[in-house]
Amino acid sequence: MEQVETKEIRPLRHGVKGRLHIPGDKSISHRSVMFSALGSTPVHITNFLHAADCLSTVACMRALGATVEELGATELVVTGNGLHGLREPACVLDAGNSGTTLRLLLGLLAPQPFLATFTGDASLSRRPMGRVVKPLSAMGAKIVGRAQNTLLPLTVLAPDGKLHGMRYESPVASAQVKSALLLAGMFADGATTVVEPVTSRDHTERMLEAFGVVTEKDGTAVTIRPVAEVQAPAAIEVPGDISSAAYWLVLASLVPGSQIVLENVGVNETRTGILDVLAAMGADIVRTNERVSGGEAAADLVVTAAKLHGTTFGKDIMPRLIDEIPVIAVAALFAEGDTVIMGAGELRVKETDRLQAIADTFSALAPGSVEAGADSLVIHGGTQLQRAAVPSYDDHRMAMSLAILGAAGAGVIIERPDCVRISYPEFYDTLAGFGGE
Ligand code: S3P
């Protein structure tokens, strides 16, 4: 029988203290490399997230002709060959586990006069790509693949001439869909507008502006017009990832006696839903040292342990905390009373079906604590906890959320724990530094 790797997390015996450097934002790191590859002058990127997902993007951009020099693990210099300087890759492009790499590059490559084929890991090969292939095809892109062009492997062929700008009403609030269409729209024959049901993260729009590309915002609609070239900035400083800070926001809130400072966390308002929800639950989180860096807001977050209570939230806030639901569910498990999460159907198509994964692992670690619906979760706070072995589902955010649950609760054994390398390779070391191992 195959030996499954495991990681044991022990309950913390004392509060967490100190200052933490938070690794670079994953979404912004991806975009920094992709967009720099469209310029013609070197871009010095600092605090780049040196983790598997972003390294998938680096490998793809190299294969497409960009020069990526690694000055250090988190410091890159990326030089492109101009907006029309991407070249046909000689190999299959491997997006690994990364939905952002795949969906944004489908949009970027759809208008190019060459062929590119994408592959990815088992998880990415199950995730829906029709949500970008369909609108890109309506613009004139030629993308073919498995399951009527909706699943990996996918091949992007040269289109017949330019793509056509269009107005697209997206059924999902997704920054990956929006970004794919905006990138394709830069090369189209007219304006491209994406309308979302609720505004998703706007890192693409902000970073494009730093490259001299204007997008126009009108409510939940964003419009881009064709551009002739981009002006790459000399430098991009990536702020810390609030999605990585989230684990420590919850751990320090839950473990009595804790007080930590999370340094240089990106607090772009399209990403701060977790701060709003934790505040509504009674958490004590204070922003200090607020600043703007590379068009993105950042701050230090001071977290002090507090007594949490249940809350209710739904689809309007969902895009602002979509990746934080597993760890918010952990906070809810320790809160007083019930927490009701609605409008969370998108969780079913993340790296794993996260609604099912939360329901199954919470049932093992706190029997009777959770009820999952088609797009909802009800979590009964204060349910008796027990130590158990649970799978990570090879999903980095499930593994880290379960580790926080175990550290704040009765301990946990995580099967296949290494998936944290996708977004936060040093996560377990940091937790061990707090005494959680
Ligand atoms: C991301 C957008 C979100 C998020 C993902 C990163 C991005 O996905 O879940 O982790 O960088 O644009 P969706 O756009 O599919 O919601």
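1. The peptide bond that joins leucine 152 and proline 153 is cis, with omega at about -10°.

2. The model is a predicted one, in which local features need pLDDT of at least 70 and side-chain atom pairs count only at pLDDT 80 or more, whereas totals for chains, interfaces and linings use all residues. Residues are numbered from 1 along each chain as its sequence is written, and side-chain values use heavy atoms, with hydrogens and water left out.

3. Together with Leu115 and Val144, Leu157 makes a nonpolar surface patch of about 200 Å². Patches are made of residues with over 30% relative accessible area and no salt bridge, nonpolar side chains (Val, Leu, Ile, Met, Phe, Trp, Tyr) being joined within 5 Å and like charges within 9 Å; a salt bridge is a side-chain nitrogen of Lys or Arg within 4 Å of a carboxyl oxygen of Asp or Glu. Accessible areas come from the Shrake-Rupley method with a 1.4 Å probe, and for residues only the protein chains shown count as cover.

4. Asparagine 47 has a positive phi of about 55° although it is not a glycine, and its place is in the loop between strand E3 (43-46) and helix H2 (52-63). Asparagine 47 is buried, with a relative accessible area of 14%.

5. Glutamine 148, in helix H5 (residues 146-149), likewise is a residue other than glycine with a positive phi, near 55°. Is glutamine 148 buried or exposed? Glutamine 148 is exposed, its relative accessible area being 72%.

6. Helix H10 (residues 325-334) is mostly covered, with nine of its 10 residues buried, among them Ile325, Val327, Ile328, Val330 and Leu333. The axes of H10 and helix H12 (residues 396-408) come within 8 Å and cross at roughly 20°, which makes H10 roughly parallel to H12. Axes are lines fitted to C-alpha atoms, for helices over the stretch in contact, with angles from 0 to 180 degrees between N-to-C directions; angles under 35 degrees count as roughly parallel, over 145 as roughly antiparallel, 65 to 115 as roughly perpendicular and the rest as oblique.

Terms used
Buried < 20%, exposed > 50% of the residue type's maximum accessible area, 1.4 Å probe, protein only. Helix = DSSP H or I, 4+ residues; strand = E, 2+ residues; numbered from the N terminus.
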